[in-house]
Amino acid sequence: MISPRFLLLRSAASLTTRSLCTGGMSKQGRAPDMAEGNPLLHVSNVRNRLREIVGASTNWSDHQQAMSKRGSLSSMLAKSQHDLPAKTMKDSYLEVHLPLGSEPQLREKYLTFHKSVRFGRILEDLDSLAVLISYSHTYNPALERSPLSIVTALVDKIDMRKHIISPDCDIKFTGHVTWVGKTSIEAKMHVSQYLDGAYAPILDATFVMVARDPENKRAAFVNPLKPDGPEEEKIFQEGEANKSRRVELSTASLLKVAPTDEERKIVHSLFLNTLDTKTVSFRGRILPPNSVWMEDAKLKGLEICHPQERNIFNRIFGGFLMRKAYELGWANACSYGGCRPSLVAVDDILFQKPVEIGSLLLLSSQVCYTQGKYIQVRVHTEVFDPLTRNHNTTNVFHFTFASDLDVPNIIPKTYGESMLYLDGKRHFNQTVEN
């Protein structure tokens, strides 16, 4: 059963960019708070601010030397969370501007061939902003450099409020810390665009960050969060609920436990529907009408990880990984559905291991579940060492796309593919229910 909000999103996908923002260079796409001279944080300055906080350099050789000196900051780490002052949500609130309407020279970086905004670029900006929000929460005015290494652990979810983002209207990012554990931070962000004289919501995102020591070897304590008033207390409790939900989902993972009774029935039904009744054999399999074997719905890619894509800690930037995974997943959904799909949601992006500079990064996207017009795509990334021939998983991404027309049913053939199907169904159902 598709939720009413999904039906609304589906109808929104039919809008054209021009109907969202009238006139490519018109003043209607220029927000008054992005007028020239306003002291606002520009999106291009977010990573510069992060470099200042940790003492990183924009030069590759200097950057390596600066990072090697961070080990001396370990003495500045708190011995326990009780040694750190509590912070409020207001302490970490940030507002960042992407003036696509006010500064046309920015558009080329964000523009697609079809004259919409590259969502992969928005993912990069969200990742940088989530890190900066976390550093704002842990800010200590007595220290010249932060001893913490804060990195993205998980993208909990990204819910799209609009399918089309105009390339010639100003965009605003806002966000703050919403929940804190001992060494982890949840940050929520909202993206809106200036349309017809007012800001309209584009998406809501929830990221989970972790704090580590200066050399990124062990966990480090972060400031506790003190909700101020009933509204902030409610937001904090939602963060607690999100943590409990993540633990529950991890415990019930199909990599750890068997499928439920209902899920086993689904798998068996799929199996029976593919049996060739003429052969009366378990080996005789036929593809049902309007269906595609899962093994035929893959798309792969490879990236050589150059220093240009490094983050402030000399590893490959997580936003870059998200952009590459999204673009590969989108291409696979486009190929599968036969038309340009719209992104509905991003769910449960897991950062298992950092990607070192110079790595060979293998990306594999798989359509793992379909329902009506919706396509669930899983992207798996791993680092390949050509000397040892070892493969190590670094990330797993889950994307939900919507096509203009109903798409073929995806059919698993093996038990492993059946588990991918059930996992995709779980992620899709969770997206629909929320």
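A residue is called buried when its relative accessible area is under 20%, and exposed when that value is over 50%. In this predicted model, the buried residues of helix α8 are Glu263, Val267 and Leu270. These three residues cover an arc of only 60 degrees around the helix axis, which puts them on the same side of α8. On the other side of the helix, Asp261, Glu262 and Lys265 are exposed. Helix α8 comprises 13 residues, 261-273, and reaches 19 Å from its first C-alpha to its last, close to the 18 Å expected at 1.5 Å a residue.

Strand β9, residues 342-351, is mostly covered, with eight of its ten residues buried. Antiparallel pairing joins β9 to strand β3 (residues 149-160) over five bridges; here Asp159 stands opposite Ala345 of β9. Strand β12 (residues 390-402) also pairs with β9 in the antiparallel sense, over six bridges, and Val396 in β12 is the bridge partner of Leu350.

The largest pocket of the model has a volume of about 960 Å³. Its lining consists of 34 residues, of which Leu249, Ser250, Ser253, Asp348 and Leu350 are the closest to the centre. Among the elements that give two or more residues to this lining are the paired strands β3, β9 and β12, together with helix α7 (230-251). The largest share, seven residues, comes from helix α10. By residue class, the lining of the largest pocket divides into 14 nonpolar, ten polar and ten charged residues.

Conventions:
Residues numbered from 1 in each chain as written. Predicted model: local features only at pLDDT ≥ 70, side-chain atom pairs only at ≥ 80, totals over all residues. Heavy atoms only, no water. Buried < 20%, exposed > 50% of the residue type's maximum accessible area, 1.4 Å probe, protein only. Helix = DSSP H or I, 4+ residues; strand = E, 2+ residues; numbered from the N terminus. Pairing = 2+ DSSP bridges. Expected span 1.5 Å × (residues − 1). Arc of directions from axis to C-beta. 1 Å grid on protein atoms, 1.4 Å probe; cavity = no way out; pocket = protein on both sides within 12 Å on 5 of 7 lines; lining within 4 Å. Points joined across faces, edges and corners; volume = space filled by probe spheres on them. Nonpolar A, V, L, I, M, F, W, Y, C, P; charged D, E, K, R; others polar.
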